[in-house]
Each structure stands twice: as structure tokens, then as C-alpha cells.
Amino acid sequence: MDKFVIRGGNPLVGTVRVSGAKNSALPCMAAAILTEDEVTLENIPQVRDIETERRLLESMGAKVQLGYGRAQHRTTISCSTLSDPVAKYEIVKTMRASSLVLGPLVARAGMARVAIPGGCAIGGRPIDLHIKGLEKMGATITQEHGYLEARADRLRGAHMVFDKITVTGTEDLLMAAVLAEGETVMENCAREPEVCDLSALLTLMGAKIDGAGTSTIRVQGVPRLHGARYRINPDRIEAGTFLVAGAITRGDLIVANCNPNHLGAVIAKLEEAGARVDILGADSVRVRADGQLRAADISTEEYPGFPTDMQAQYMALTTQADGVSVVKENIFENRFMHVQELVRMGANIKVDGGTATVRGPAKLSAAAVMCSDLRASASLVLAALVADGESILDRVYHMDRGYERIEEKLRGVGAQIRRMGNVFNPRESESAAD
Ligand code: UD1
């Protein structure tokens with residue numbers, strides 16, 4: 001199992017480039033199920049979740065070309081035949097986002113069998129809202145042997161109001177609605193940029209969608225969709241992670257190839273914490289910090305609020321800030337697994353339910369620590385970058401799920417980080433669900 005060895009103390013200086021958004025690429029790959037034609041996606045990140053999605057689509061009979069050469073961040077997917085519309089447990093258990101195929105499979109093939117995702121590292125994460133929406137659209141759903149089976153000759157447009165804002169739920173039902181008969185109105189939708197990415201691809205494929213990016217989405221169903229070529233937007237969570245890396249190391253970092261418009265809440269918080277952030281044109285942000293960072297509270301919210309996927313990384317920063325920072329996690333239960341490892345490195349953090357209270361600044365000292373999920377790993381990398389001495393991070397396969405060649409990117413701007421074990425190959429390592 002690969003490990004990272006990180007020696008702390010270097011300020012990060014220079015330019016780092018952001019890859020395509022994993023959480024956009026996953027639903028966009030699932031959208032290829034909706035057409036017999038080819039769908040080509042550019043700016044696909046080379047991360048393990050994408051490889052898992054490729055395996056999932058291939059297991060259903062799709063043909064997926066996915067290059068791993070340096071210059072190939074492109075995939076072409078052909079679902080001209082879908083011989084086996086089943087998402088098997090072996091794959092779903094490693095990536096909960098596999099439930100994104102439920103809606104498109106029912107819409108295209110009239111049936112889907114999808115393994116029910118088990119519990120995972122950051123809480124229960126049910127899919128009841130996906131099911132409720134499909135039932136409203138006329139699907140019959142049964143549950144047997146750990147699988148959900150959904151059937152519908154043709155889905156019907158419906159009016160639905162999400163009980164809770166869900167990102168993949170919005171995406172899943174949007175993909176179901178585009179081929180349904182008649183109009184679908186979805187209220188209380190997720191407004192995340194990744195929903196907009198998916199909607200833009202579906203529109204290029206011939207779907208009629210209005211309102212993506214707002215809380216009400218209207219869809220006029222069409223009988224069929226055609227192929228398309230689409231470029232995935234930059235990953236706002238990877239970009240946010242680099243911004244924190246620049247600030248926590250008191251560096252001077254340009255985060256290039258990002259979309260500053262998607263980073264509002266993170267940038268505002270970094271400024272409140274004492275970093276200087278400048279937006280350089282349409283696709284770059286510069287972060288600088290030289291003096292003492294200041295405590296600043298966060299409360300995770302749906303977009304455009306502070307993203308839950310940045311909570312762990314931001315918490316690493318608060319350990320270096322002067323004063324008391326309160327970090328509230330409102331989206332997921334049990335998303336504080338980085339805390340005990342940060343404490344082992346010397347951080348002063350107390351958790352009470354969904355609230356963590358961080359007292360800083362703490363002098364972090366290098367330690368052997370364990371990554372427990374994707375964003376927790378990123379938090380530990382950030383802490384190790386400022387810890388005194390050499391930290392060893394175990395189970396970096398969690399990191400490889402969502403960050404492309406993070407160690408190379410960080411090394412390029414001055415970090416002392418190396419991978420122990422094999423060079424990351426997205427086709428190899430096995431994962432745990434989170
Ligand atoms: C997506 C992102 C993930 C991010 C999360 C919140 C992808 C592939 N993953 O996850 O990185 O952390 O959004 O921004 O895009 N819920 C239900 N019933 C459901 C669905 C969700 O109760 O049917 C609850 C969840 O338990 C959670 C909340 O709704 O408390 C939000 O979850 P959701 O937005 O669905 O997260 P994901 O889409 O799984």
C-alpha cells in the first residue's frame with residue numbers, strides 16, 4: 001500500500017494547475033448511458049474514481065476508451081448496447097457515486113439493478129431521495145438480495161420537491177427526466193457547479209433543461225438523445241485545497257486553470273483568516289500569506305456555501321491560526337475522522353457532535369498518520385506540510401480516488417513529498433468506500 005513521506009517547513013511558491021472536476025466527470029460519464037451514440041469527455045482527471053466508473057460502465061456492456069498517457073485526459077464512451085444494466089456490489093461498494101447510473105439506466109433500458117451502497121466512512125449516505133423521485137416518475141422499485149431493481153416502460157414527467165438538497169440525487173433524477181415523457185419540475189435542487197456541468201452536457205446531447213444551477217429545474221422530456229463532446233470544468237475542491245496549501249505554508253502560490261467564480265466561500269474564508277487572495281483573470285487565483293493567520297469559523301453548507309468537501313482541509317489551516325475557530329459540519333455525520341490524526345500531530349481540537357473547536361496556533365510535529373477518507377487525506381497532507389520533521393501518511397489510496405498526481409503537483413511548487421510504494425496507477429489499487 002502506497003504511503004506519502006512529507007517533510008514540513010517549505011513555503012509553497014510557484015504555479016500549480018488544477019485538473020478536471022471528478023464530481024462532474026462521474027455524472028457526465030453516467031450520462032453516456034442515455035444515448036446509443038458516442039459521448040466524448042475532455043479534461044477528465046486521472047483519478048481512481050474515474051477508473052471505477054469505467055469498470056462499472058464496461059461491466060454493463062459499454063465500450064469505454066480511457067487513456068492514461070500524460071496528454072490524454074479524454075474518454076470516449078459508447079453505450080450502443082447495454083447488455084447487462086446492473087451495477088454490481090463489488091463496484092458500488094468502492095464508490096458510492098455508482099448510484100448515479102440508476103436514473104439513466106431506467107430511462108434508457110427500462111430497468112436497472114443497482115447494489116445498495118453500504119455504510120461508508122463519512123456516514124450513512126442513503127439514496128432514498130433518488131428512489132422517491134423515480135417512483136414519482138412511474139418506476140416500480142423493489143429491493144432484494146442487497147439490490148434495488150427499478151422498472152418502467154417509459155418514465156413520466158413529474159413534479160418533485162427534494163426533502164433535502166442532494167447533489168447526486170439531483171443529477172440522477174435530472175438524467176432520468178431528460179428521456180421521460182412530458183415535463184418534470186424539480187424543486188429544492190442542488191445548485192452545485194457540477195449539476196451545471198452535467199446539464200450542459202445533456203443539453204449538447206439534445207435535452208431540454210431550464211434552471212440548472214438554481215433550486216428549480218424544469219425539463220421537457222425528449223424521445224432520444226444523441227452523442228456529444230464536452231469539456232469538464234476544473235475541480236473546485238482541488239483548487240480550494242491548493243489555496244489552503246499556499247496559505248498554510250505561508251507561501252505565494254498561483255492556482256491556475258481553475259474557475260474563481262466557484263471558489264467564493266473558500267476565498268472569503270481565507271481572506272478572513274488573514275491570507276491575501278487575488279483573482280488573476282478568468283482562470284487563476286493567487287494566494288499569499290506571510291504574517292500570523294487568524295482564527296475564523298466555518299459552517300458547511302450546500303453551494304454556494306462553504307463546501308463540506310473543503311472542511312477537513314480548512315480545519316488543518318485553523319490549527320495554525322491564532323485564536324479559537326469553530327468548524328461546524330452540517331452536511332454529513334461522522335466527517336471528523338481527520339481530527340484524531342491532527343491531534344496526534346499536536347493540534348488542539350475538541351469535537352462535540354457536528355462541531356469541532358480548534359485552538360491555535362499549535363506547533364505540529366511530524367507523525368505516522370492514517371488517511372481515512374478522501375478529504376481527510378488532503379487535510380493530513382496540509383498539516384504535514386507545516387509539521388516539524390518527516391510525516392508518513394498511510395493509505396494514500398484514499399487520496400488517489402480524487403486528486404491527480406498530488407505529490408508531483410506539490411513537489412513542483414516546493415513541497416518535500418514523495419510516494420513510497422508503486423507510482424500511482426489508477427487501474428491497480430483497491431479502495432474502501434467514502
Ligand atoms: C456529493 C459529492 C460529495 C460531496 C457531497 C456534498 C459527488 C460524486 N459527490 O455527494 O463529494 O461531499 O455531494 O456536497 O458528487 N441524502 C439523503 N438521501 C438521499 C441522498 C442524500 O438523506 O437520497 C443526504 C446525505 O446523507 C447527506 C445530504 O443528503 O446528509 C447531502 O448528500 P448528497 O448531496 O446526496 O451527497 P452526494 O451526492 O452523495
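Which residue just after α11 takes a positive phi? G346 does, at about 115°.

## Basis of the model

This is a predicted model: local features need pLDDT of at least 70, side-chain atom pairs count only at pLDDT 80 or more, and totals for chains, interfaces and linings use all residues. Residues are numbered from 1 along each chain as its sequence is written, and side-chain values use heavy atoms, with hydrogens and water left out.

## Ligand site

The shell around the ligand holds 19 residues. D128, T166, T168, D309 and I331 come nearest. By class, the shell has 8 nonpolar, 5 polar and 6 charged residues. Here Ala, Val, Leu, Ile, Met, Phe, Trp, Tyr, Cys and Pro count as nonpolar, Asp, Glu, Lys and Arg as charged, and the others, Gly among them, as polar. Helices α5 (128–136) and α6 (167–177) each supply at least two shell residues. α5 gives the most, with 3. Helices (H or I, at least four residues) and strands (E, at least two) are DSSP runs, numbered from the N terminus.

For T168 the distance is 2.6 Å. For N23 it is 3.0 Å. For K164 it is 3.2 Å. Taken alone, the ligand exposes 740 Å², and the protein buries 88% of that. The areas come from the Shrake-Rupley method with a 1.4 Å probe.

## Nonpolar cores

The largest nonpolar core has 79 residues. Such a core is a set of buried Ala, Val, Leu, Ile, Met, Phe, Trp, Tyr and Cys residues joined through side-chain atoms within 4.5 Å. Buried means under 20% relative accessible area, exposed over 50%, and partly exposed in between (1.4 Å probe, protein chains only). L34, L155 and L202 have the most contacts inside this core. Helix α1 (residues 22–31) provides its largest share, 6 residues.

Leaving aside neighbours within four places in sequence, L155 is in contact (heavy atoms within 4.5 Å) with V106, A107, L134, M137, A139, A176, A180 and E181. Another core, of 68 residues, lies apart from the largest one. Among its members are A273, M345, L385 and M399.

Why is helix α12 (residues 374–386) largely enclosed by the rest of the structure? Because 12 of its 13 residues are buried. They run from L374 to L385, including R375. D373 caps the N-terminal end of α12. One of its side-chain oxygens lies 3.1 Å from the backbone nitrogen of R375.

In helix α11 (residues 337–344), H338, V339, E341 and L342 are buried. Their cover includes α10 (311–318), β21 (348–352), β23 (368–370) and α12.

## Backbone features

Two peptide bonds are cis. The bond from Y303 to P304 has omega near 10°, and P304 is in the loop between β19 (298–299) and α10. The bond from G360 to P361 has omega near 0°. P361 is in the loop between β22 (355–360) and β23.

N334 is not a glycine, yet has a positive phi of about 60°. N334 sits in the loop between β20 (321–328) and α11 and is partly exposed, with a relative accessible area of 48%. R405 also has a positive phi, near 45°. R405 is in the loop between α13 (397–400) and α14 (406–412). Its relative accessible area is 21%, so R405 is partly exposed.

Notes
A polar contact is a pair of N or O atoms within 3.5 Å; within protein, one must be able to donate a hydrogen and the other to accept it, and residues adjacent in sequence count only if both atoms are side-chain atoms. A residue is near a molecule or strand if one of its heavy atoms lies within 4 Å of it.
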